[in-house]
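Here's a quick look at a pocket and the ligand that goes with it. Have the model open as you read.

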Amino acid sequence: MRLLLSEKAEKGKVHLTLIDPEKTSPSEAERIASVAADAGSSAILVGGSLGIFEPQLSEVVKATKRSGLPVILFPGNLNGLTPHADAVLFMTLINSDDPYYVGGVQAQAAPIVMRMGLEPIPTSYIIVGYGGAAGYIGRARPIPYDRSDILAAYALASAMMGSSLIYIEAGSGAPEPVPPSSIKLVRKALDSIEFDGLLIVGGGINSPSVAAALTEAGADGIVNGTIAEKDPRSLYHIINAIRPHS
Ligand code: 1GP
């Protein structure tokens, strides 16, 4: 977490590159991560919602680490843990209707995370709109795209409950990202209580202009998964767009 906060302090914005170990081989992961490192991404997230097989996850994490970037796990369930990473988004899917994703799996995971020596990053995961596989598997009740008031209330609750990282997610491959106008309202709410963690947005962010609109609206950083898999070199344009002055 310290590393992400120092990226924010030094570069203004954080960029996270997501690699799904179910869709990406270790050699592809190494290639994506090395382009991401060169483009200025802050860290690599490794995780997914379906088909995560621990031996393959570990190989992808080890290959990704060769880029020199920190590797943070983004687990959909207990099978998303491996000791080869540096940290884990220790997540609560705060708008899930299933208590398993709100507190149950965390109790199962906590002793394992401790034994693995992973740094837990207290994270609140909020699913909006499309939701994708994460929304379906996590039994989320996605917040409608146009209800920024509900989204701001969930974000505020997340901060008040002590999350260091608030991750607002439209779902991987979302046809529509979270609207920048909603992020603006969330930022205002978080500023009113002097939230000093990170507000991160992901899902369907496929162009420099959308990425810039979200960070200008107040996101501290964005996540790119699908576009990093399809065309890793596009990360140069996206990262330049969110850090125009660095
Ligand atoms: C998904 O927010 C991430 O968890 C990334 O989404 O694959 O649409 O970039 P994309």
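What follows covers the pocket, its lining and the ligand's surroundings.

This is a predicted model, where local features need pLDDT of at least 70, side-chain atom pairs count only at pLDDT 80 or more, and totals for chains, interfaces and linings use all residues. Residues are numbered from 1 along each chain as its sequence is written, and side-chain values use heavy atoms, with hydrogens and water left out.

**The pocket**

The largest pocket comes out at about 720 Å³. (A pocket is an open set of points on a 1 Å grid over the protein atoms alone, where a 1.4 Å probe fits, with protein on both sides within 12 Å along at least five of seven lines; lining residues have an atom within 4 Å of a point. The volume is the space filled by probe spheres set on the points, which are joined across faces, edges and corners.) The lining runs to 46 residues, and Gly48, Ser49, Phe74, Tyr125 and Ala134 are the ones nearest the centre. β4 (87-93) is among the elements that supply at least two residues each, along with others including α4 (99-116) and α5 (132-137).

**The ligand**

The ligand sits in this largest pocket, meaning more than half of its atoms lie within 2 Å of the pocket's grid points.

| Protein N or O atom | Distance to a ligand oxygen atom |
|---|---|
| Tyr167, side chain | 2.9 Å |
| Gly203, backbone | 3.0 Å |
| Gly225, backbone | 2.8 Å |

On its own the ligand has 310 Å² of accessible area, and the protein covers 97% of that (Shrake-Rupley method, 1.4 Å probe).

Terms used
Helix = DSSP H or I, 4+ residues; strand = E, 2+ residues; numbered from the N terminus. Polar contact = N/O pair within 3.5 Å; in protein donor to acceptor, adjacent residues only side chain to side chain.
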